[in-house]
Amino acid sequence: MLNSQRFRKLLAQPERLTKELLLGDWLVVLTSVLLILLLFKTLWSNEHAAKVQIRLGDKIYATYSLNQQRDVHVHGPIGSATISISQGKVRFSKSPCHNQYCVHQGWLTRAGQAAICLPNQISLELLGETKPYDSLNY
């Protein structure tokens, strides 16, 4: 086990670090790196989305494939919002809300991404084949 003073000396001389570490130390480092790579691949995948689910309030308004090019007009409580679907991407292109945060969100392409227009109570969620990891799934 490396004590703090010895560890500081080893860090000052990196060539000694490789000589001083024991087999068990290397096994811990290798196992940790492999575990981090496995968890990154499993939990934070970047799967492309296949569909977009549009919600109006607490109800599902529609589900569309991302393979089609179209503009969807959804009438919410404060006005009509336009949602653009094009080449596997989706975004709010127009919204009647004041700050336009939903429009500034930009294009969504990955499963699990979402854009929400709170004043108009409209939300977009991209769906893939598997549900991505998030704090609600945990």
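These legends walk you through a few close-up views of a predicted model.

View 1. The protein chain holds 4 helices and 7 strands, taken from DSSP runs (H or I, at least four residues, for helices; E, at least two, for strands) and numbered from the N terminus. Followed along the sequence, the pattern reads α-α-α-β-β-β-β-β-α-β-β. Of the 138 residues, 25% are buried, meaning under 20% relative accessible area with a 1.4 Å probe, protein chains only.

**View 2. An open sheet of 3 strands.** Here the order is β3-β4-β5, with antiparallel pairing; two strands pair if DSSP finds at least two bridges between them. The edge strands, β3 and β5, each pair on one side only. Between β4 and β5 there are 5 bridges, and I85 stands opposite V90 in β5.

**View 3. The largest nonpolar core.** This core of 23 residues has V52, I54, I83, V90, F92 and L124 as the members with the most contacts inside it. Such a core joins buried Ala, Val, Leu, Ile, Met, Phe, Trp, Tyr and Cys residues through side-chain atoms within 4.5 Å. Elements supplying at least two residues each include β1 (51–56), α4 (101–104) and β7 (122–127).

**View 4. Zooming in on I83.** Beyond its neighbours within four places in sequence, I83 is in contact (heavy atoms within 4.5 Å) with residues including I54, V72, V90, F92 and L124.

**Notes for all views.** Residues are numbered from 1 along each chain as its sequence is written, and side-chain values use heavy atoms, leaving out hydrogens and water. Local features need pLDDT of at least 70 and side-chain atom pairs count only at pLDDT 80 or more, while totals for chains, interfaces and linings use all residues.

Methods
Buried means under 20% relative accessible area, exposed over 50%, partly exposed in between (1.4 Å probe, protein chains only).
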